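Subject: A structure for you to explore

Hi there,

Here is the structure I promised to pass on to you. Have a look around it, and then read on for what turned up.

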Amino acid sequence: MASVRTPQEAVNYAKEFVAHAAIDATNIQTRLINNAADRMWMFAPWSWTISSLPQSTLAEDTEDYTIVDPTDVLHLVRAEINKASQNNQTHRLEVVHNLDSQTAIKGPPRAVSLVNATTLRLWPVPSGLATADTGKLLVWYKEQRPEIVISGASGTQVDYDNPDSLVFPDEWFWVYQELVMYYAMKFAADPRAGSVLIDTDGNSITTRYKGQLAEAMDALNQMATKEKLFLHNDGAGVNG
């Protein structure tokens, strides 16, 4: 979690390069600092955006499992079944977007889905479980990003000038700052903001960036190669 740097500092930096009048309004500053935070948050499965759900014990012929807490689940990123009686051997489950109820199909679970804010569903329905050790369901999820507000923080909202509003390490503040700069230029209709260029060659698609957007995207890619990503060892790439 950031301990010193704040969103306000990033905005003040942008004002050194962008006309103040274009980004002085509270609603504009709120939007640009949150747009930058959203882009950074969703760019990769950063370790500081991933949490785990409380373990659930598998039960015979039980398809759905209730999530009591937490309440900040954005989407699932990884799930596995752990067997203590088998030297904590784990069996990876496929995380899917949605599973319809299919109680007639039973067997060792192979997939899991978040069907609503409080329910996990396994497929097939667990059946033939060992009585002594049915197994534990371990699930990791991407958190929802806390909204940054200028003042009057409440609930998941955090203050504009509060270091706790940026949950990444201070070492990566410069990346966030480049993103804030891009959105400041975009809101100010500054041509230095840059653009996205899409090149197609048969079945190949190449994305290129120009201007400040190129600076910001390069910073994110540098960060992704250095930061410890939650799914890095799985070869899962850098998609949030």
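A word on terms before the tour: helices (H or I, at least four residues) and strands (E, at least two) are DSSP runs, numbered from the N terminus. This is a predicted model, in which local features need pLDDT of at least 70 and side-chain atom pairs count only at pLDDT 80 or more, while totals for chains, interfaces and linings use all residues. Residues are numbered from 1 along each chain as its sequence is written, and side-chain values use heavy atoms, with hydrogens and water left out.

Let's begin with the overall picture. The protein chain has five helices and 14 strands, and its C-alpha trace spans about 70 × 50 × 30 Å along the principal axes. Of its 240 residues, 44% are buried (under 20% relative accessible area; exposed is over 50%, and partly exposed is in between, with a 1.4 Å probe and protein chains only). Contact means heavy atoms within 4.5 Å. Among contacts with a separation of 6 or more, 65% are between residues 24 or more positions apart.

Now to helix H1 (residues 7-15). Which of its residues are buried? They are Pro 7, Ala 10, Val 11, Ala 14 and Lys 15. These residues lie on the same side of H1 because they cover an arc of only 145° around the axis (the arc is that of the directions from the helix axis to the C-beta atoms). The buried residues of H1 pack against helix H2 (20-23), H3, strand E11 (148-149) and helix H4 (173-187).

Next, find Thr 49, in the loop between helix H3 (26-43) and strand E1 (50-52). Is Thr 49 buried or exposed? Thr 49 counts as buried because its relative accessibility is 0%. Its side chain reaches the backbone oxygen of Trp 46 at 2.8 Å. The side chain of Thr 49 also makes a polar contact with the side chain of Lys 142, at 3.1 Å (a polar contact is a pair of N or O atoms within 3.5 Å; within protein, one must be able to donate a hydrogen and the other to accept it, and residues adjacent in sequence count only if both atoms are side-chain atoms). Apart from neighbours within four places in sequence, Thr 49 is in contact with Trp 41, Ala 44, Tyr 141, Lys 142 and Glu 143.

Some backbone details are worth a look too. Most residues other than glycine have a negative phi, and most peptide bonds are trans. Asp 61 has a positive phi of about 60° although it is not a glycine. You will find Asp 61 in the loop between strand E2 (56-57) and strand E3 (64-66), and it counts as partly exposed because its relative accessibility is 41%. Ala 189, not a glycine either, has a positive phi of about 55°. Ala 189 sits in the loop between H4 and strand E13 (196-201), and it is exposed, with a relative accessible area of 67%. As for peptide bonds, the one that joins Trp 123 and Pro 124 is cis, with omega at about -10°. Pro 124 lies in the loop between strand E8 (119-123) and strand E9 (125-126).

Enjoy exploring!

Best wishes
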